Amino acid sequence: MKILVIGGSYFLGRVFTMLAAPKEDVTLVNRGTYSMESFGAKCIRADRHDSAALLALANTSYDVVVDFCAYRQGDIAGIVNVPGLSAKQYILLGTVDVYEKWTQKPLTEDSPLQSRRFGGETGEYIWQKLLLEQELTQVCRQHGIAPTPVRPALLYGPFNYAARESEYVRRACTGETILCPTDAAGRFQPVYVKDAAAMILALCKNQAAYGNAYNIAGDAVDYETFLDTFYNVCGKRARIVKLPAKAAAFTSPDAFLPFPFTAEETEFYDGKKITAATGLSYTPLEEGLSKTWQVFSRLYDPAPSAT
């Protein structure tokens, strides 16, 4: 199978490339910050916004395009409109945040999408992802390509550049206190990054999945469940202090609350459609966090404890 990957060297894209390249004919287009050639991928060094550089893709055909780094209008058209480029499916990495907020229902792929443009950096990111999904449908159908948006929830695992689970690892390794709210109403749905990569690769191969939208979302957990699990996988090295969510300590900048803390911040997403389409399942939190600990702890501890 010929797969064209846009991006593919950061976090989910990196894990996907590591998984796909040894078995499939994978070509990456990115700026070449991190080389993926050692995993068997062909690499074209180009900025996706450089139309002249993208001519390296002219008159080439692929089974699937997997786009990990589309962030603004025109990004998809810039790829699809390369002269002579053809593909059967275009998988766009999106986000579950594109859904209408505060519906109080588990959000499926058929739930209404957001119609309001919120302010701030996060609000603009979501709005651009919404516009890109519209562009995906419009541009791909013009070219006879099946549009497949994939919407992950909260990804965690090796190579994550967002300071979430890696910050907990750092604090555990350096002996810093980790505050844990015992009764926070917030819930979140962590997904081990390798699960998301494997599911996307399976979608590449399943023609019955072409043209459908998919959530990637595991079981919901709260802070206490997450940090209890983390405490176990790190060999009980973490200095976790449990306090009621209303404690004043949680207003401190040092509290570190990377996940939804309140019920108002919480949305629930249904992630079963993609497991049915791919035959894959979600890695249990303890197993995924254990693997994450083993990788990230090496950055902060020269001799991490075995787990």
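**Close-up 1. Residues of helix H4 meet residues of helix H8 in this predicted model.** Glu165, Ser166, Val169, Arg170, Ala172 and Cys173 of H4 are in contact with Thr292, Trp293, Phe296, Ser297 and Tyr300 of H8 (contact: heavy atoms within 4.5 Å). The residues of this contact comprise six nonpolar, three polar and two charged (Ala, Val, Leu, Ile, Met, Phe, Trp, Tyr, Cys and Pro count as nonpolar, Asp, Glu, Lys and Arg as charged, and the others, Gly among them, as polar). Residues are numbered from 1 along each chain as its sequence is written. Local features need pLDDT of at least 70, side-chain atom pairs count only at pLDDT 80 or more, totals for chains, interfaces and linings use all residues, and side-chain values use heavy atoms, with hydrogens and water left out.

**Close-up 2. The largest pocket holds about 1,700 Å³ of space.** A pocket is an open set of points on a 1 Å grid over the protein atoms alone, where a 1.4 Å probe fits, with protein on both sides within 12 Å along at least five of seven lines; lining residues have an atom within 4 Å of a point. Of its 49 lining residues, Tyr71, Gly94, Tyr125, Tyr161 and Arg164 lie nearest the centre. Helix H3 contributes the most to this lining, with four residues. The lining has 22 nonpolar, 14 polar and 13 charged residues.

**Close-up 3. The second largest pocket has a volume of about 250 Å³.** Its lining consists of 20 residues, and Pro190, Gly218, Asp219, Ala220 and Tyr282 lie nearest its centre. Twelve nonpolar, four polar and four charged residues make up this lining.

Notes. Helices (H or I, at least four residues) and strands (E, at least two) are DSSP runs, numbered from the N terminus. Grid points are joined across faces, edges and corners, and a volume is the space filled by probe spheres set on the points.
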